[in-house]
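I am opening my notebook to write down what I looked up, one topic at a time. Come along and check each entry against the picture.

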Amino acid sequence: MIVRYERNGKVKHGWLVEAAQKVRVIEGDVYKTDGQKPVMTGLELPLADVRLLAPCTPSKVVCIGVNYKDHAQEMGIELPKEPLMFLKPATTVIGPGEAIVHPSLTENLHYEGELAVVIKKPARRIKAEEAEEYILGYTCAIDVTARDLQQRDGQWTRAKGFDTFCPLGPAIAPKLDHRNLRIVTKVNGEVRQDSSTSQLVFDVPQLLEAITAVMTLLPGDVVLTGTPSGVGQVRVGDEISVTIEGIGTLTNRVVAEE
Ligand code: MG
């Protein structure tokens, strides 16, 4: 699985060898498909010696609202007829283990565990059938949401857009069948969401067709595919973890605003 890490002030991509708890250093650009193709070096670092970062640095994070049948039910909302899109600014992105800052502006901070798609090459007006070739891989995400501001504002820019509101990671799994992956969100070790991507209203290829009919997705851009049922409040000190089959576990703690 692809990771991005920092060591001695330098940021690189690597290949996570989980069983050995090691990271193999990758030279070159993991988004290049020709020319300077990425090269896996023979160099291995102990996982403990590197700091994992968000696995990509998107220009934008495109999110889909109400895209799980079970979540639509719990919110008492009808299933959308077409994908409901919104954006999180790039400044929301943080890496595994980094702190989610609880804004003082909200009294109802929610977690939403989600499957995230990382884009490999520029995608504009693509068809669902060709979506796979534009995907670098999949990672875990938390669509942190100020639920009270979301309800108050009528649109979601403020509720979804605070700094630190988009934890991503820990790694990008390149070849994953996205159609039936178990997704589990825990708060302080207690299961809150337990579903499968088979519950998606619009699947990944359909989402990429719909999004790229509107805007060009660039290498490293991220699509958050929506959250299953079981969303709820978190408070300062709580630890949120999202585990997706075939990817791993993303863990972030909520801290108070300074
Ligand atoms: Mg969401």
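How many bridges join β9 to strand β20? I found four, and the two strands run parallel. Helices (H or I, at least four residues) and strands (E, at least two) are DSSP runs, numbered from the N terminus.

**Entry: ground rules.** I noted that this is a predicted model, where local features need pLDDT of at least 70 and side-chain atom pairs count only at pLDDT 80 or more, while totals for chains, interfaces and linings use all residues. Residues are numbered from 1 along each chain as its sequence is written, and side-chain values use heavy atoms, with hydrogens and water left out.

**Entry: the open sheet.** I followed five strands in the order β9-β20-β19-β15-β16 and saw an open sheet with mixed pairing. Its edge strands are β9 (99–102) and β16 (190–196), each of which pairs on one side only. On average, neighbouring strands of this sheet are turned by 20° against each other, direction ignored. For that angle, axes are lines fitted to C-alpha atoms (for helices over the stretch in contact), and angles run from 0 to 180 degrees between N-to-C directions. Two strands pair if DSSP finds at least two bridges between them. I also looked up one partner: valine 101 is bridged to valine 255 in β20. I reminded myself that strands of a sheet pair through backbone hydrogen bonds, either parallel or antiparallel.

**Entry: the metal site.** Which residues coordinate the magnesium ion? I listed Glu112 (OE), Glu114 (OE) and Asp143 (OD), at 2.0 to 2.2 Å. Donors are N, O and S atoms within 2.8 Å of the metal (3.2 Å for Na, K and Ca), and water is not among the atoms, so sites may look incomplete. Along the sequence I read the donor spacing as E-x1-E-x28-D. Glutamate 112 and glutamate 114 are both buried; buried means under 20% relative accessible area, exposed over 50%, and partly exposed in between (1.4 Å probe, protein chains only).

Entry: Most residues other than glycine have a negative phi, and most peptide bonds are trans. I then went looking for exceptions. Glutamine 21 has a positive phi of about 55°; this residue sits in the loop between β2 (10–17) and β3 (22–27) and is partly exposed at 45% relative accessible area. Valine 66 has a positive phi near 45°, in the loop between β6 (61–65) and α1 (69–75), and counts as buried at 14% relative accessibility. Is the peptide bond from glycine 169 to proline 170 cis or trans? I found a cis bond, with omega near 0°. Proline 170 belongs to strand β14 (residues 166–173).

**Entry: glutamate 74.** I found this residue in helix α1, partly exposed at 37% relative accessibility. Glutamate 74 and serine 229 are 155 residues apart in sequence, yet 6.4 Å apart in space, C-alpha to C-alpha. Leaving aside neighbours within four places in sequence, glutamate 74 is in contact (heavy atoms within 4.5 Å) with Pro228, Ser229, Gly230 and Val231. Its side chain also makes a polar contact with the side chain of histidine 71, at 2.7 Å. A polar contact is a pair of N or O atoms within 3.5 Å; within protein, one must be able to donate a hydrogen and the other to accept it, and residues adjacent in sequence count only if both atoms are side-chain atoms.
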